[in-house]
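I opened this notebook to keep track of what I looked up, one entry at a time. Come along and check each entry against the view below.

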Amino acid sequence: MSVDITRLSVEHHRTALGVGETAPRLSWRFEGSARDWYQQAYDIRRVDDDGGEIETVHVDSGESVLVPWPFAPLGSRSRTRVKVQAHGKSVSTGWSSVLEVEGGLLDRSDWQAQVVTCEQQPFDKAKRPFRLLSAFHVPDNAQRARLYVTALGAYEIYVNGKRVGDEVLAPGWTQYNTQLVYRTHDISAHLRPGENWIGAWVGEGWYAGRLGFGGGRRNIWGSRPALLAQLEVDGKVIARTDESWRWKYGSLLESSIYDGEICDTGIEDDWKWDDSWNPVETLDFPDVLPCATQSPPIREIQNIKPVEIITTPSGKIIVDFGQNFGGYAELLGTPPSAGTIELTHFEVLEHGEVNMRPLRTAKCRDVVYNRGSWKGYKPKFTFHGFRWVGSSPEVHRMTSRYVHVNGWNDIKADDIVGIVVSTDMERVGHFSSSHKLLNRLHENVVWSTIANCISLPTDCPQRDERLGWTGDVQVFAPTLSFLFDGTGMLDGWLKDLAYEQSVAKGVVPIVVPSVDDHFNLPSAVWGDVVALLPAVLHRFTGDARILANMYAPMVDWLERGVKRDPATQLWDPRDMQFGDWLAPQVEGSNGITDPHLVADAYLVHVTRVVAHVAGLLGYRDDQQRFEAEAEALLAVFQDTYITARHRTVSDTQAAIALILHFDLIHPDQPEQRQVLVQRLEKLVTKCLWQVATGFAGTPIILHVLAENGLLHHAYRMLQAKDSPSWLSPVLLGATTIWERWDSMLQDGSINPDDMVSFNHYALGSVAQFLHKVVGGIAPLEPGWRKILVKPRPGGTITSASVSHVSPYGKVSCGWAIVRDTLKVEVQIPPNCSAVVDLPESPTAIVGSGQHTFSMAWQADKRFPPTVSRPHFLPPITNTFVP
Ligand code: BGC
């Protein structure tokens, strides 16, 4: 019986170098077989560089997640080495490994660097990346060297020719007017005594680049990409960006997020200090204080080898990576002759040919003018969303200008590699089952998450959007948080959101950062992210501070942001609502369900959520006020949308699912629930279990069926084969979640709509059902301290397993049906307990450890549900994937 501490961390950071908090909260994760182990006390020890004790604080407490910093506050650059030991009733853990926590630059006065840039470039064009260079002297006995760096734009930085860190597109995308994030690098190993040099590439990034559809806008935050860097040795500034630096262009002619990069290898990227370098221009120091980033860096997280290189019927050479992803391709091999190489990135083939239409105005191409001195190539300041790389019609235009590209025709699989780029969040959730296609569906959700977390949560990684659409992350957040620890990234994004909302007078924009004023539009489901995302993060991490930080914006949304009808206080029916966005089987994008019903259902729910948050934070008056408001809103909601005999004005799956899920049942007419459930069953059957919900209905429909006695219908829908269904894209070879279930039509043509992405995570929110109901685990109390284990096997699935690394440690549940027996294995981490609710069994409460359950199993006789149809109707065609 053992308990160990596997990880000690601060706040939601993956590393503790250069943190922005002066009293960062500490958390430790457990592992071990100990049964019913609960922490009763802990010791936190400060140690010196040799591990010797400096100070130990003993705390009698069961808390092991986000406990207060017990030592003197950290100052700028100050370093503390800590370790922890936890004590249970009779068993203690050993000491954890030592965590070194170091403060970043916390005050304005710490920054001696200036913001430096090149000449002013044309306003209406992509900015050409430029290089910066400086030299500095390092004393003989230098010990600890730190580089604090950020950019207005994107940077790559080198010391003595060696790249610093492995971050790409740094510092990422934020609302630069409120958060300019910097990162601290340990560069001790880069330096040598005496003369050293530091160089950087700076590109336009999101800061000055083109963003938004329909052509978008440039220079949203500024038109002058620039760098801010400060290099310190043993706490003393020895180099900093200032007017002594020099700049010059290099081999990159263009590098932009949507359009890709153009590189001329005929221009040498030398780093020799001579007269060819120009004096930099300095800009005013930013109005905002640069802050330590909370988010993990964007990194190259995986390489993918091509699976095939083919020639299309029209003669284009294309490379298939076999997986749709966000990132770029690297050319490793050497083309046999000079010439122009153009890589065009796209997601799907249409009837065997390249079709760039879904990318709209984004060019998504990288061009190399190969004029000798070939060293291989990969782009610096762009990314693409793609599975295929090939030549587009444009290539031929270009090649006729720069002839010698025939050698490109011979490209081999070893000459090119796909590089997956994403914010490097820790993967914490897994699922697998006996059903191969469901496993692929789940993999597709994971891939879409990775591709849509490049710096911030986006809609898609490929076309001329890639924006922080608020509705998409609102519906997807529970799935994202199950699969990855996205807290640092999402909490950082919420700060941008709060800022944008304050600028837009209480309205939460539909994209954050807001790239144009016309995105400052109030819409339910989208704007509701201001309350619902913090609630999800709190549920997954137990961090009430996220709620506290976002409380004022939540209230502001309800008080000023939501545009109400003065007579009812519901949403103003004259305003636009996205509603159950992209529900299929209907013309237009906002679904068959009345978008205002969707909006108002959310309004009652969100008002209740804010009341609950007020209660948690101890704001009793607010709690009562919002509870009363929610009650009043529910009464008008009932009057407006539900008849006296409990039919809904929108007779749809999404409408009924929302009412049931948000518990919008008439308080004095509990029979309403049963009537609605019966109607929902009718509608689901009538649709032949095809998907009939969009953004609002999809995350909840299967849960609602499962929770209301219709589990067999949930599984029938989950396993349905014909489009639109969850498995139909998988059957068509999808490797990511599509924006629409029929982004690709059954005949192999791309959906004719102009909003057709093949990598949108929003509808992947169906994975929540796989995690919670098929696999069977969910947090019951914030932070997973109390866990619900409630698998509900069904359909034709004979085994499943699911796991999540919670703040306390790993939670898992695996089950298998072997003949007439259901066997369930549950793992609960130390310091947690679980309510185990298994089919046909009494509920049990268990503590930490491995628990095995076994019970007689009888398959649900209701599966598969069928429908009898009059003989004059066509027979049912929608089968399911067994
Ligand atoms: C985006 C979304 C978004 C929607 C809302 C689309 O263009 O890609 O996913 O939520 O617009 O209008």
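**Entry 1: helix 10**

What covers the buried residues of helix 10? I started there, keeping in mind that this is a predicted model. I found that the cover includes helix 8 (595-616) and helix 9 (620-641), along with helix 11 (671-686), helix 12 and helix 13 (711-718).

Next I checked how much of the helix is hidden. Helix 10 runs over residues 653-661, and eight of its nine residues are buried, so the rest of the structure largely encloses it. The buried ones are Gln653, Ala654, Ala655, Ile656, Ala657, Leu658, Ile659 and Leu660.

I also looked at the backbone just past the end of helix 10, where Asp663 has a positive phi of about 50 degrees.

**Entry 2: His703**

Helix 12 was in that cover, so I picked a residue from it, citing its burial as my reason to look: His703 counts as buried, at 4% relative accessibility. I placed His703 in helix 12, which spans residues 698-707. Leaving aside residues up to four places away in sequence, I noted that His703 touches Gln768, Phe769, Lys772 and Val773.

**Entry 3: the largest pocket**

How much space lies in the largest pocket? I got about 1,200 Å³. There are 38 residues lining this pocket, and Pro478, Val536, Arg539, His605 and His661 are the closest to its centre.

I then went through the elements. Helix 10 and helix 12 turn up again here, each supplying at least two residues of the lining. By class, I wrote down 24 nonpolar, eight polar and six charged residues for the lining of the largest pocket.

Why does this pocket lie between domain 4 and domain 5? Domain 4 (450-770) and domain 5 (776-882) both give residues to the lining, so the pocket sits between them.

**Entry 4: the second largest pocket**

For the second largest pocket I noted a volume of about 660 Å³. Its lining has 29 residues, with Asp269, Lys375, Gly376, Lys378 and Lys380 closest to the centre. Strand 11 (154-159), strand 14 (194-203), strand 19 (260-264) and strand 25 (317-331) are the elements giving two or more residues to this lining.

I zoomed in on one pair. Strand 9 (residues 130-138) and strand 17 (residues 246-249) are joined over four bridges in the antiparallel sense. Here I found Leu133 opposite Arg246 in strand 17.

The largest cavity has a volume of about 300 Å³. I listed 23 lining residues, with His12, Asp485, Thr487, Thr541 and Pro807 nearest its centre. Among the elements supplying at least two residues each are strand 1 (4-10), helix 5 (487-503), helix 6 (529-541) and strand 39 (799-806). The lining of the largest cavity has nine nonpolar, 10 polar and four charged residues.

The second largest cavity holds about 240 Å³ of space. Of its 26 lining residues, Pro171, Thr174, Val181, Thr293 and Ser295 lie nearest the centre. Helix 5 gives the most to this lining, with five residues. I wrote down 13 nonpolar, 10 polar and three charged residues for the second largest cavity.

Where does the second largest cavity lie? Domain 2 (111-293) and domain 4 (450-770) both give residues to its lining, so I place it between them.

**Entry 5: one distance**

Last, I looked up the centres of domain 1 and domain 3, taken over C-alpha atoms, which are 48 Å apart.

Terms used:
Residues numbered from 1 in each chain as written. Predicted model: local features only at pLDDT ≥ 70, side-chain atom pairs only at ≥ 80, totals over all residues. Heavy atoms only, no water. Domains from an automatic or database assignment. 1 Å grid on protein atoms, 1.4 Å probe; cavity = no way out; pocket = protein on both sides within 12 Å on 5 of 7 lines; lining within 4 Å. Points joined across faces, edges and corners; volume = space filled by probe spheres on them. Nonpolar A, V, L, I, M, F, W, Y, C, P; charged D, E, K, R; others polar. Buried < 20%, exposed > 50% of the residue type's maximum accessible area, 1.4 Å probe, protein only. Contact = heavy atoms within 4.5 Å. Pairing = 2+ DSSP bridges.
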